[in-house]
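Thank you for letting me take a few minutes today.

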Amino acid sequence: MSNGSLLMATDESTATLKEMRDGYAEVVDPKSGVSGGVQDVYGEDTATEDQPVTPWSVSVASGYSLLRDPHHNKGLAFSEKERNSHYLRGLLPPTVISQELQVKKMLHNIRQYQVPLQKYMAMMDLQERNQKLFYKLLIDNVEELLPIVYTPTVGEACQKYGSIYSRPQGVFISLKDKGKVLEVLRNWPEKNIQVIVVTDGERILGLGDLGCHGMGIPVGKLSLYTALGGIRPSACLPVTIDVGTNNEKLLDDEFYIGLRQKRAIGQEYAELLHEFMTAVKQNYGERILIQFEDFANHNAFDLLEKYGTTHLVFNDDIQGTASVVLAGLISAMKFLGGSLADQRFLFLGAGEAGTGIAELIALEISKQTNMPLEETRKKIWLVDSKGLIVSSRLESLQHFKKPWAHEHEPVKELVDAVNAIKPTILIGTSGQGRTFTKEVVEAMASLNEKPIIFSLSNPTSQSECTAEEAYTWSQGRAIFASGSPFDPFEYGDNVFVPGQANNAYIFPGLGLGLIMSGAIRVHDDMLLAAAEALAGQVTQENFDKGLLYPPFKNIRKISAHIAAEVAAKAYELGLATRLPPPKDLVKYAESCMYSPAYRTYR
Ligand SMILES: O=C([O-])CC(=O)C(=O)O
Ligand SMILES: [Mg+2]
């Protein structure tokens, strides 16, 4: 499966070919010389528990097996010549069609489904059947299909993963594999992995602990690595680390696919994670990119800190989200006037996304103004489940919240915090739907001519408010963006197109930039560079429609620009190992991108 050659000449396959020849010799009747018959040639029927057989197969990508190999299958698009030379004659109906027509047909089929989850399943099915067609369809129709393979539908898919499960995707590493993680990785058919997205399923989007069913997230994120960032599918590895789940509903669910036990914590957890991190580097080398995704706060920050100095790691929820939000704010400043240093920021939610964004904004302002970070942080306030984070709470705060405990009276409710802090920018990263109430949005609108409101929690059900609510309650004055997509909304004479402030804008380009430069570490300056590159792609025309981000339909071009800036930063910081640097980084990024066009088989 790993390459285009027809025969995989591994030691194993040579051995099995020999067995096949031996087996064949037995069925030739020595007297008549006639072969055939009903003999159990390979001893499979007569095998017993103590008489094992070899489950061998010969990996020749032709004929029937070619049609079932998702990397090479082209379905009805196999040409006459290919059908002749690859033993496909008769295995396909006579018509030969183009990939374009196949895309048209699939899109038509997918549109027939009323239920998004059915569309998701049809897409997953296509990915398993014909990988190039899947990516061609996704790339050519990214705005329509992103909400299917990604948020919000992927959230529902994870919630129902056990019921819709048909074929395993990615690599599952559970507590049972302790001591054998390297072996597990070696079972994966592809050897040249460049990027891993890994979750432990404890905080899937804003949906909480979904345990092993979190696998939908690494699978979805990596589809975007390929579709949006052009990383080859064979270089992408989705991983779920199963240490149990504390979700009682799942533990009682007969279709649950994971370990039925409470989550391992402490040393047991740390040891499995460490074995994984070590095995990954041992198996794939120093330049393998590991993206942590949807870990709970208590592990996410620790893992990033622990492995940030030894591995090429990046936490999408902390750093990717931070970079995309900063990009939106940079473009808001460009069009509204003013600078980030003039703003007051209030967050609802002080977890990975909230504190990650806050820190990157503080860093950017510090770079822009030469003010020390401790000072720029004071422009940023966070509210968590206990209210405004203030210095009187310092003792009891988790470590990642401490930098945000400023001098202030305690304030319990968000709306009171809005009135007390008077933010110009309100950002929701709480994972709690409907927390930007009418009162909150109205308070923002009474304080600001153009209130900037970001409802970032995913999927749509967890969004702090809807686009309609933000525009209506602010009388059409809000500059709004959300983590999950909302349709354009008509208000008065205007149609507002809400921006999607989702890390999907950043991680594919960031990943491509890291990979193409051979970077060995992720640096905060690369996140700033990515944010600036993304903001640089927003036009006046986009902004006039209410968009703080460029449309997703141009995402490959956008990713190439982000990749180029990230790679440039990697070279500048001395963190790149692919030398010498290419002359034109944007062109180089584009030239590295995977194409879903069919190849012609000789
Ligand atoms: O997956 C998404 O849509 C964005 C994200 O990382 C999250 O919400 O955890
Ligand atoms: Mg995430």
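Predicted model: local features only at pLDDT ≥ 70, side-chain atom pairs only at ≥ 80, totals over all residues.

Let me begin with the term polar contact, which here is a pair of N or O atoms within 3.5 Å; within protein, one must be able to donate a hydrogen and the other to accept it, and residues adjacent in sequence count only if both atoms are side-chain atoms. With that in mind, a polar side-chain atom of Asn503 lies 2.9 Å from an oxygen atom of ligand 1. The side chain of Asn502 also has an N or O atom 2.9 Å from an oxygen atom of ligand 1, and for Lys221 the corresponding distance is 3.0 Å.

Residues are numbered from 1 along each chain as its sequence is written, chains are lettered from A and ligands numbered from 1 in the order in which they are written, and side-chain values use heavy atoms, with hydrogens and water left out.

The residues around ligand 1, meaning those with a heavy atom within 4 Å of it, include Tyr150, Thr151, Arg203, Glu293, Asp316 and Asp317. Thr151 is joined to Pro152 by a cis peptide bond with omega about 10 degrees, and Pro152 lies in the loop between helix H7 (142–149) and helix H8 (153–159). Helices here are DSSP runs of H or I with at least four residues, numbered from the N terminus.

Asp317 takes us to a helix pair, since Asp317 in H15 is among the residues that meet H16, where contact means heavy atoms within 4.5 Å. How do the axes of H15 and H16 cross? The axes of H15 (residues 316–336) and H16 (residues 352–369) come within 8 Å and cross at roughly 50 degrees, the axes being lines fitted to C-alpha atoms over the stretch in contact, with angles from 0 to 180 degrees between N-to-C directions. H15 and H16 are therefore oblique to each other, because angles under 35 degrees count as roughly parallel, over 145 as roughly antiparallel, 65 to 115 as roughly perpendicular and the rest as oblique.

For H4 (residues 99–112) and H5 (residues 116–129), the axes come within 9 Å and cross at roughly 150 degrees, so H4 and H5 are roughly antiparallel to each other.

Finally, Asn370, in the loop between H16 and helix H17 (373–376), has a positive phi of about 65 degrees although it is not a glycine.

Terms used:
Helix = DSSP H or I, 4+ residues; strand = E, 2+ residues; numbered from the N terminus.
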